[in-house]
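Reader: I would like to go through this model term by term. For each label, please show the value behind it and the cut-off it is set against.

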Amino acid sequence: MILALALGTYAFRLVGPALHGRVELPARVRELLSAGAVVLLTALLATGALTEGGFAGWARPAGVLVGGVLAWRRAPFTVIVLAAAGTAAVLRLAGVA
């Protein structure tokens with residue numbers, strides 16, 4: 001099974017450069033792919049922020065929210081990571097699970 005997944009991943013990596021310039025996607029398809037990527041990343045963010053075998057508590061989502069707002073405001077990556085981790089740490093120290 002792992003070998004099949006590895007071969008599939010490698011095939012996907014080869015298809016991109018091999019078909020570059022040969023296949024032209026319509027503008028609507030490019031828009032849908034872009035929106036789909038945003039939706040998938042948002043779902044991954046929500047799943048990681050809210051669950052850990054159940055509800056993860058309020059400190060982690062608060063840290064993710066702070067990091068998200070700073071990323072949206074285009075803060076430097078180091079500031080985003082430190083602020084998000086600091087927010088979660090301070091809330092946990094204050095007893096907010």
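Reader: Why is Leu91 called partly exposed?

Author: This is a predicted model, so the answer rests on computed values. The relative accessibility of Leu91 is 25%. Buried would need under 20%, and exposed would need over 50%. Leu91 therefore counts as partly exposed.

Reader: Where does Leu91 lie, and what is Leu91 in contact with beyond its neighbours within four places in sequence?

Author: Leu91 lies in helix H4. With those neighbours left aside, its contacts are Trp58, Ala59, Ala62 and Val96. Take Ala59: 32 residues separate it from Leu91 in sequence, yet the C-alpha atoms are 5.5 Å apart.

Reader: How do you know how H3 and H4 are oriented to each other?

Author: Helix H3 covers residues 59–72 and helix H4 covers residues 77–93. They pack at about 155 degrees, and their axes are 8 Å apart. Angles over 145 count as roughly antiparallel. H3 and H4 are therefore roughly antiparallel. The crossing of H3 past H4 is right-handed.

Reader: Which residues meet where H3 packs on H4?

Author: From H3 come Ala59, Arg60, Ala62, Gly63, Val66, Gly67, Leu70 and Ala71. From H4 come Val79, Ile80, Ala83, Ala84, Thr87, Ala88, Leu91 and Arg92. By class, this contact has 11 nonpolar, three polar and two charged residues. Gly counts as polar here.

Reader: What makes Arg74 stand out in its phi?

Author: Most residues other than glycine have a negative phi. Arg74 is not a glycine, yet its phi is positive, about 65 degrees. Arg74 sits in the loop between H3 and H4.

Reader: Is Arg74 buried or exposed, and how do you know?

Author: The relative accessibility of Arg74 is 77%. Exposed means over 50%. Arg74 therefore counts as exposed.

Reader: Which label does Pro61 get, and why?

Author: Pro61 is at 15% relative accessibility. The limit for buried is under 20%. Pro61 therefore counts as buried. Pro61 is found in helix H3. Not counting residues up to four places away in sequence, Pro61 touches Ala49 and Leu50. Its C-alpha atom is 8.3 Å from that of Ala46, 15 residues away along the chain.

Reader: How do H2 and H3 cross, and how close do their axes come?

Author: Helix H2 spans residues 27–50. The axes of H2 and H3 come within 8 Å and cross at roughly 145 degrees. H2 brings Leu45, Gly48, Ala49 and Leu50 to the contact, and H3 brings Arg60, Pro61 and Val64. These residues divide into five nonpolar, one polar and one charged.

Reader: How do you know which pattern the protein chain follows along the sequence?

Author: Count the elements: four helices and zero strands. Read along the sequence, they give α-α-α-α.

Reader: How does the radius of gyration of the protein chain stand against that of a compact globule?

Author: A compact globule of 97 residues would have a radius near 13 Å. The protein chain has 19 Å. Along the principal axes, the C-alpha trace spans about 55 × 35 × 25 Å.

Reader: What share of the residues is buried?

Author: Buried residues make up 10% of the 97. As for contacts between residues at least 6 apart in sequence, 41% join residues at least 24 apart.

Technical notes: Residues are numbered from 1 along each chain as its sequence is written. This is a predicted model: local features need pLDDT of at least 70, side-chain atom pairs count only at pLDDT 80 or more; totals for chains, interfaces and linings use all residues. Side-chain values use heavy atoms; hydrogens and water are left out. Axes are lines fitted to C-alpha atoms, for helices over the stretch in contact, and angles run from 0 to 180 degrees between N-to-C directions. Helices (H or I, at least four residues) and strands (E, at least two) are DSSP runs, numbered from the N terminus. Angles under 35 degrees count as roughly parallel, over 145 as roughly antiparallel, 65 to 115 as roughly perpendicular and the rest as oblique. A crossing is left-handed if the near helix is turned anticlockwise from the far one by less than a right angle, and right-handed if clockwise. Contact means heavy atoms within 4.5 Å. Buried means under 20% relative accessible area, exposed over 50%, partly exposed in between (1.4 Å probe, protein chains only). The radius of gyration is taken over C-alpha atoms; the globule rule is 2.2 Å times the number of residues to the power 0.38.
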